[in-house]
Every structure is written in structure tokens, then in C-alpha cells.
Amino acid sequence: MQTVALRVACIDCEGCERKIKQILFGVKGVKSVVVDAKQQKVTVMGYIEPKKVLEAAKSTRKKVELWPYVPYTMVANPYISQAYDKKAPPNMVRKVLDTASVNETTIDDSYSIIFSDENPNSCSIM
């Protein structure tokens with residue numbers, strides 16, 4: 001048994017939900033499909049391969065991606081620009097690799113040293 005979570009954009013009405021469910025139930029091995037229109041999340045359970053489910057969901061002509069969000073407690077630095085997303089559900093951030101760090105989003109120290117008051121050549125640079 002495997003669970004695949006997808007983010008499907010523009011689930012506006014019950015017709016969209018029905019269309020998505022119908023297409024995903026057509027994939028071999030699917031046991032259940034749960035559509036959460038408010039979060040734009042579709043959860044598929046069964047003996048399935050994530051790639052096949054993703055391909056079937058893309059046939060709805062909607063923007064589809066694997067569920068990109070995780071609880072903010074699971075990310076080392078949840079407030080860096082790569083993790084923060086305004087569209088994320090409450091208490092969730094985008095899943096980022098652990099290699100992303102705070103240094104990638106702050107001003108490089110070399111610029112602050114160049115224009116520092118302690119640097120005697122800073123006037124000539126300006």
C-alpha cells in the first residue's frame with residue numbers, strides 16, 4: 001500500500017473534484033481517492049506508482065505536482081526564502097533540501113566589510 005499526495009491547482013467546484021476522482025480511479029491499483037478542494041490536495045492510496053498517478057492527474061489539464069509541503073517543524077530553517085510560501089496551508093512550508101541555509105538569503109558579509117566605518121578605503125570606493 002502506498003499513499004501519493006498531489007497538489008492540483010484550480011479545484012473550484014464539485015465537477016472538478018468528480019473529474020479528478022474519475023481519472024485517478026482509472027489508474028490500475030488505486031483503492032481510494034480523497035480530494036480536499038480547500039487545500040488543493042488530492043490523496044491517492046493503493047498499490048500504485050507515483051509517476052503513473054502524476055501522469056494521470058496531468059491528463060486533467062490542470063497544474064499538478066507532488067505535494068510540496070511539510071510541517072514547519074520538519075525543516076531546519078523554515079523561514080528561508082526557499083521554504084516560505086504564502087499559499088502553503090497553516091503550519092506548513094515547502095520541502096527544501098538541508099543544504100539550503102540562512103547564508104543563501106542574507107547579504108554577503110564581504111559587502112558589509114567593504115563599506116564599513118573601520119575600512120579606511122571605504123570613502124574611495126564610494
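This is a chat about side-chain contacts in a predicted model.

User: Let's start with salt bridges. How many salt bridges are there?

Analyst: The count comes to three. In general, side chains of opposite charge can pair when their charged atoms come close.

User: OK, which residue does R7 meet in a salt bridge?

Analyst: R7 meets E65, with 3.3 Å from N to O. R7 lies in strand β1 (residues 2-8) and E65 in strand β4 (residues 64-66), so this pair ties together parts that are 58 residues apart in sequence.

User: Are those two buried or exposed, starting with R7?

Analyst: R7 counts as buried, at 12% relative accessibility. E65 is partly exposed, with a relative accessible area of 24%.

User: And what about R94 and E65?

Analyst: Their side chains meet in a salt bridge too, at 3.9 Å from N to O. R94 sits in strand β6 (residues 92-94) and E65 in strand β4, so here the parts tied together are 29 residues apart in sequence. R94 is partly exposed, at 25% relative accessible area.

User: Which residue does D85 pair with?

Analyst: D85 pairs with R94 in a salt bridge of 3.2 Å, N to O. D85 itself is buried, with a relative accessible area of 18%.

User: What do R7, E65, D85 and R94 make up, then?

Analyst: A network: salt bridges link R7, E65, D85 and R94.

User: Where do they sit: is C16 buried or exposed?

Analyst: C16 is buried, with 13% relative accessible area. C13 counts as partly exposed, at 39% relative accessibility.

User: Now the rings. How many aromatic pairs turn up in the whole structure?

Analyst: A search of the whole structure finds one. W67 and Y69 form that pair, and the arrangement is edge-to-face, with 5.1 Å centre to centre and 80° between the planes.

User: Are W67 and Y69 buried or exposed?

Analyst: Both W67 and Y69 are buried.

User: What sits over the ring of W67?

Analyst: The charged end of K41 does, 4.8 Å from the centre of the W67 ring. W67 therefore has two contacts to look at here: K41 over its ring, and Y69 as its edge-to-face partner.

Definitions and conventions:
Residues numbered from 1 in each chain as written. Predicted model: local features only at pLDDT ≥ 70, side-chain atom pairs only at ≥ 80, totals over all residues. Heavy atoms only, no water. Phe/Tyr/Trp six-rings, centres within 6.5 Å; stacked < 30°, edge-to-face > 60°. Buried < 20%, exposed > 50% of the residue type's maximum accessible area, 1.4 Å probe, protein only. Lys NZ or Arg CZ within 6 Å of the ring centre and 35° of its normal. Salt bridge = Lys/Arg side-chain N within 4 Å of Asp/Glu carboxyl O. Helix = DSSP H or I, 4+ residues; strand = E, 2+ residues; numbered from the N terminus.
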